[in-house]
Amino acid sequence: MADGSTTQLHTQRMLIGGELVEGARTFPVLNPATEEVIGTAPDCDEEQLEEAICVAEEARGGAWAIPEGQQREYLLDCADAIHANAQRIGRLLTEEQGKPIHKAIAEVELAANWFRNTAALEIPEHTIESSPRAHIRVVHRPMGVVAAIVPWNYPIILAVCKVAPALRAGNTVVLKPSPFTPLATLMMGETLADVLPPGTVNIVAGGDDLGARLVNHPMVRKVSFTGSVEAGKSVAIASAAHLSRITLELGGNDAAIVLQDVDPRSAARGIFWGAFENSGQYRCAIKRLYLHHRIYDEVAHELVELARGVRVGNGLDPGTEMGPVSNAPQYERVLNFIADTKDSGGSFACGGATSKSQGYFVEPCLVEGLDNGARLVDEEQFGPVLPLIPFSNEKEAIAKANDSPYGLGGSVWTGDLARAEAIGRQLDCGTVWINQHGNLRPDTPFGGLKSSGLGVEYGLLGLLEFMDLQVISALRSINSVHQKG
Ligand code: NAD
């Protein structure tokens, strides 16, 4: 440890073919609250990656080629195993990612529930014709080996949102967590190793290059990727080589539009955590707030009060409500936005101090005086810095919200639901929330428009993205062919 204390370093192993394996090399993992090394992760080499993909392919035709009912039982066992280990996985998640411990444990519990919900999904068959002459059906079948690639903001739930449906669909998985947050995922792997047949789920750790090699492998039939737009484009290009299927969940710059009829206090409460959950490091956090000019001052005032009351600190402290920014590059990025905001004439209604002590802490920042065209408004900050922008009519707010290459989520806040929906339908985004923001559910599809992604995850539609579609077109008698001719 940096301070010379004797605290034991975490070491986790990869999961390949049911075995927990070391890497030939390791890389350090830091705690963003202390900037100390808390452990090491194995660095997956070429041979280990090859083995992980090959054992996944074998398991697909072997250990995992079992009746659907048995696969569902396994998913329920995964849920129980993760639930039983939620405290220790959650603690490690806080140590490497920074979020408050109760949020980390809740994330792990959500992952356990995601396994349960996914086990319950029914895979449909669709009949096109069922007549004395013909029986034509559309069925769904597994794709093969799925590569699941995940970022650092919600390492556990984002991994399980891929692993659970991939398994439910009959596929096997090679999962790669972010190099910033591999440890809790690898610990979850230990847990899954006790439950699943060998090779069904494999977890490898390493950098961006490992992700690129995984995506480029000809045996990988499907890539489910969550991360930045830039990396998502690389995945799309790589997938063309083998025409592997892809689902991309990429960045967002969600706008919230607040109409003049809201109660400022209750709206502010929902908006605040819609923006600052996980220190703003949430793909569908509110990243731009458009406030009707008649309620601007009151809502801004309430938001400032909330921001001043928030306890920012080490996630292991039970009183902490907001942890640090999760890693050094992201911290630099957020500090850059703060500096740019000052340079471009924005003012801080609260927050904005950048003096550095230990840990990547940033107080919640509420920024005034910027508009579309400023970096903080146009780009994805992915941190606790929220611009507040007044508007005077709905048309203007909709145009500004849509003035973005992103299209992940958006929200409208008003007591008039019909009006909210009318506005929502004009927003160019995959999900429109009304009087809430960022609420994701295992039964509801989620995906981005424009540069925010390709395809959807979650629910039945998300599950079907892990399956190939096949048509079974039968004539009931061979004679029918001749009759037709
Ligand atoms: P990132 O794209 O840098 O990395 C994400 C993952 O992809 C990591 O595991 C990384 O190692 C891997 N990777 C990087 N380059 C790759 C390549 N060329 N081929 C294959 N794998 C590669 O993103 P990040 O910095 O970890 O996460 C932050 C970004 O993720 C933000 O833009 C955020 O909006 C986005 N995000 C999106 C969603 C969503 O569902 N839409 C969810 C969470 C985060």
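## Largest pocket

The largest pocket has 36 lining residues, and those nearest its centre are Trp152, Phe225, Gly227, Ser228 and Ala231. The model is a predicted one. A volume of about 980 Å³ is computed for the largest pocket.

By residue class, the lining of the largest pocket consists of 18 nonpolar, 11 polar and seven charged residues.

Four elements each contribute at least two residues to the lining of the largest pocket: helix H7 (208–216), strand E11 (220–226), helix H8 (229–239) and helix H11 (328–343). The largest share belongs to H8, which supplies six residues.

At the domain level, domain 1 (10–250 + 448–470) and domain 2 (254–434) each provide at least three residues of the lining of the largest pocket.

## Second largest pocket

The second largest pocket holds about 480 Å³ of space. It is lined by 25 residues, with Leu110, Tyr154, Glu277, Tyr282 and Gly438 closest to its centre. The lining of the second largest pocket splits into 13 nonpolar, six polar and six charged residues.

Helix H4 (101–120), helix H5 (155–168) and helix H9 (264–276) each give at least two residues to the lining of the second largest pocket. H4 contributes the most, with five residues.

The second largest pocket lies between domain 1 (10–250 + 448–470) and domain 2 (254–434), because both domains give residues to its lining.

Note on methods:
Residues are numbered from 1 along each chain as its sequence is written. This is a predicted model: local features need pLDDT of at least 70, side-chain atom pairs count only at pLDDT 80 or more; totals for chains, interfaces and linings use all residues. Side-chain values use heavy atoms; hydrogens and water are left out. On a 1 Å grid over the protein atoms alone, a cavity is a set of points where a 1.4 Å probe fits but cannot get out, and a pocket is an open set with protein on both sides within 12 Å along at least five of seven lines; lining residues have an atom within 4 Å of a point. Grid points are joined across faces, edges and corners, and a volume is the space filled by probe spheres set on the points. Ala, Val, Leu, Ile, Met, Phe, Trp, Tyr, Cys and Pro count as nonpolar, Asp, Glu, Lys and Arg as charged, and the others, Gly among them, as polar. Domain bounds come from an automatic or database domain assignment.
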